[in-house]
Amino acid sequence: GDSLVVEPATSSSVAPGDIVLFSNAYRFVAHRVVEKKGDAENWRVLTRGDAMATADAPIRPSEILGKVSFIVRNGRCFEPEKSLRRSERALSTLLRRSETAARVIVGVHGLSRASTKTV
């Protein structure tokens, strides 16, 4: 339910910790940059969702559509942090390792969003 404000990004402006928007064959994806690797002419960007167990397939800088500059959640706008807080890291580790926990948390989050919309 979040909205993202995305700004144009160049290969030199993307760094580990940034959240970038790119397109895979099926949909738009906004994931955090975990690594830039390769030489000046042939480098790739590795991204991974915060709650994902593995990194995405490497993408070329030309595939990056932009960098997330703001996140709008529940009517509030904030800049994404370059790294997760300790509690967020713990939660993302739990989600990566337990499909059951992921389903429960997503379900509870969906219920809480539905109840705030009806009030």
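**Ground rules**

I'm working with a predicted model, where local features need pLDDT of at least 70, side-chain atom pairs count only at pLDDT 80 or more, and totals for chains, interfaces and linings use all residues. Residues are numbered from 1 along each chain as its sequence is written, and side-chain values use heavy atoms, with hydrogens and water left out.

**Entry 1: salt bridges**

I started with charges, as side chains of opposite charge can pair when their charged atoms come close. How many salt bridges does the structure hold? I found 2, taking a salt bridge as a side-chain nitrogen of Lys or Arg within 4 Å of a carboxyl oxygen of Asp or Glu.

One of them joins the side chains of Asp-2 and Arg-73, at 2.7 Å from N to O. Asp-2 sits in the segment before strand E1 (3-7) and Arg-73 in strand E5, so this pair ties together parts that are 71 residues apart in sequence. I noted how strands get their names: they are DSSP runs of E, at least two residues long, while helices are runs of H or I with at least four, and both are numbered from the N terminus.

Are these two partners buried or exposed? My scale is relative accessible area with a 1.4 Å probe, protein chains only: buried is under 20%, exposed is over 50%, and partly exposed is in between. Asp-2 comes out partly exposed at 36%, and Arg-73 is also partly exposed, at 36%.

The other salt bridge I looked up is between Asp-18 and Lys-67, with the closest N and O atoms 3.8 Å apart. It links distant parts of the chain, as Asp-18 is in the loop between E1 and E2 and Lys-67 is in strand E5, 49 residues apart. Both of these residues are buried.

**Entry 2: more on Lys-67**

I stayed with Lys-67, which belongs to strand E5 (residues 64-73). Why does Lys-67 count as buried? Its relative accessibility is 14%, and the cut-off for buried is under 20%. A polar atom of the Lys-67 side chain lies 3.0 Å from the backbone oxygen of Ser-13. Leaving aside neighbours within four places in sequence, Lys-67 is in contact (heavy atoms within 4.5 Å) with several residues, including Val-5, Glu-7, Ala-9 and Ile-19.

**Entry 3: Arg-32**

Next I checked Arg-32, in strand E3. Arg-32 counts as buried, at 11% relative accessibility. What does the side chain of Arg-32 reach? I found the backbone oxygen of Gly-17, at 2.9 Å.

Most residues other than glycine have a negative phi. Asn-74 lies in the loop between E5 and strand E6 (76-78) and counts as exposed at 63% relative accessibility.

Pro-8 is in the loop between E1 and E2, and counts as exposed too, at 73% relative accessibility. I also looked up Pro-8 and Ile-64: they are 56 residues apart in sequence and 8.9 Å apart in space, C-alpha to C-alpha.

Key
A polar contact is a pair of N or O atoms within 3.5 Å; within protein, one must be able to donate a hydrogen and the other to accept it, and residues adjacent in sequence count only if both atoms are side-chain atoms.
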